[in-house]
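Biologist: I have a chain on screen and want to learn to read it. Where do we start?

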Amino acid sequence: MKQQKQQKEYGKKFFVPILLILAVLPLITNAHIYDNGLSKQLWSSANGQVTDFFLYYKSHFLMILGAIVTVILAYWLCTGENGRLFDKNAWIPLIPASVFALFSLFSAMGAVHAEDAFLGGYEQFEGVFVLLIYVICFIFVYGYVKKEEVVEWLLNGLTAGSCVVSVLGAFQTFGLDWIQSAWARPLVTTELAGRSGFNIKLTFGKGMAYSTLHNPNYVGSYVAVVLPITILLLFTAKKMTFRVLALISTVCQLIMLYGSQSLTGLIGVAGAVIAALIFLLPYAKKHLLVSVGAVVVCIAAVVCVLVAKPGILNRFTGSEGEKTTNTISSIQTEKNSFEIVTGSGKTVVGEFTSTDSIGSFSLKDKKGKTLETATNNNVVTIAEKGYEKIKFSASAVEVDKTTIPCLEIGADGKTWDLVKKDNKLLYYNPQGRLDKLRKVDSIGFENNYDFATRRGYIWSRTFPMLKSTALIGVGADNFVYEFPNNDYVGKVNSEFNAQLTKPHNMYLQIWTQDGMLACLALIALYVMLVIATWKNCMNAEKKTWLQKTAMAIFCGASGYMVVGLANDSSVCVAPLFWILMGLGFAVNHMIKRSKAKEEEQ
């Protein structure tokens, strides 16, 4: 009777919230207008009202389902139903998961912008409540999925959901953007019903696939995680319906990935393929001809992508594949002076002879020697060697609906406007607001800021933040406040201008927001999955369905971890990764128990 009771409690109905997260959550898309809370920051727009289509409702849907999972988990634990959580050695994966959760929580509790840290913020909506739900879902799935039919049921649900996601993305690849269509508009603007004059405007060009995943980059993350699962079910699903869905999803995922033009996604899929090849080495030795054919197909696929998109590799090296040196690397403003540092290391100090005039100034080098200048068509240049490209000219800007004169400093086709206001020398930034110009700390990627679609610039400004967040981070979704968005020279040089940026690296994101230990905990959890899968699956001559499933989940997790080197964690994909990680540990535990029973017999 006790065993029957356990089977009933661990049946499918208790995992419906998990199924909905896997299958439905990535599809949720609806417009939400909100105040991003950044209007007080001078580097952000004074108008903080923005529209989100892809993240806000996903985040809240996840929190609702996560609350249900939390209640079920708490009830089971309180009534002594511990699943496998406290079995011998089974509790070990709970250690890194708990470290991740605790340090994420500690970081959020100390965050300056607590509301964002807990509930989620601008273009993320991945606050600590969401992070805790990731861990709770991981524990729930790992601890209580005990039956093979539940594993298959969850993966079938994921495949069905991925079929819809990938079909929408495939249509976008062919220029048919569903979100811009007449049939979809009422579905994705329910919050705006009755409003007039609202137009859906997205920055993605025609033929760019983003599906329901917020950004083409997250298409790469999604495919890296899900593709190994759909390929698994394509060959092993018990029902033909799910084999067909897996086939449609697999094909459309590949089309969608191509349409996303996400190089990081391709690299993530390559990571998943490499992980699969490692486990297939014994098979490859026995079936050499088939293995060679598979390698040839993979190489041909890569060649086709490079031929169709010849410039895709330039995203890592910059548009021309060469180092880029900016004439002006930094500008600092003081009350009545400014200092320019050139890319070659020379310094220009500008001093104003009048506190209220922007047009009367002198130029000196770092040692105080006056620099010789020349004037042509009201443009002042420095006649001495090494300074020729820097230009100074008079212009005007509009501040608070008043036109005031400014000094325009230019080089390489880029300009920075300085104005005098209230006896202070200030910079008129791309948001139309006045702020100081400061020197910003940076580490690495000098003259290579274009690396990986300008990630070189972002990472160079993020690395200095790592030291101060070694224990406790700045808090979930607080990166935007801590990143030097007031690095106006660096941002203009890197063509970010008024754009606010994210880390574009999951590990830097977790480290800076949740602390180094949270980042290391996630890596440790993945390493544990690698070890468990290797022990249970590598040497098996004839692999069972569970072993194939463990390998597929491991491949998806590997692809996600690789994509994380150039993509952020997102509520669009991260819940799937955490649930599949939990499922991977559960499946490995089931395999281990099955082996133990066979040995006893």
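Modeller: Start with helix 6, which is mostly covered: 15 of its 17 residues are buried. Buried means under 20% relative accessible area, exposed over 50%, partly exposed in between (1.4 Å probe, protein chains only). Helices (H or I, at least four residues) and strands (E, at least two) are DSSP runs, numbered from the N terminus. This is a predicted model: local features need pLDDT of at least 70, side-chain atom pairs count only at pLDDT 80 or more, while totals for chains, interfaces and linings use all residues. Residues are numbered from 1 along each chain as its sequence is written, and side-chain values use heavy atoms, without hydrogens and water.

Biologist: What span should helix 6 have?

Modeller: The expected span is 1.5 Å times one less than the number of residues. For residues 128–144 that gives 24 Å, and the end C-alpha atoms are 24 Å apart, so the two agree.

Biologist: How many helices and strands are in the protein chain?

Modeller: The chain has 21 helices and 13 strands. Of its 601 residues, 52% are buried.

Biologist: Now a single residue. Where is T236, and is T236 buried or exposed?

Modeller: T236 lies in helix 9 (residues 216–236). Its relative accessible area is 17%, so T236 is buried.

Biologist: Which residues is T236 in contact with?

Modeller: Contact means heavy atoms within 4.5 Å. Leaving aside neighbours within four places in sequence, T236 is in contact with R243, W545 and K548. The T236 side chain also makes a polar contact with the side chain of W545 (3.1 Å). A polar contact is a pair of N or O atoms within 3.5 Å; within protein, one must be able to donate a hydrogen and the other to accept it, and residues adjacent in sequence count only if both atoms are side-chain atoms.
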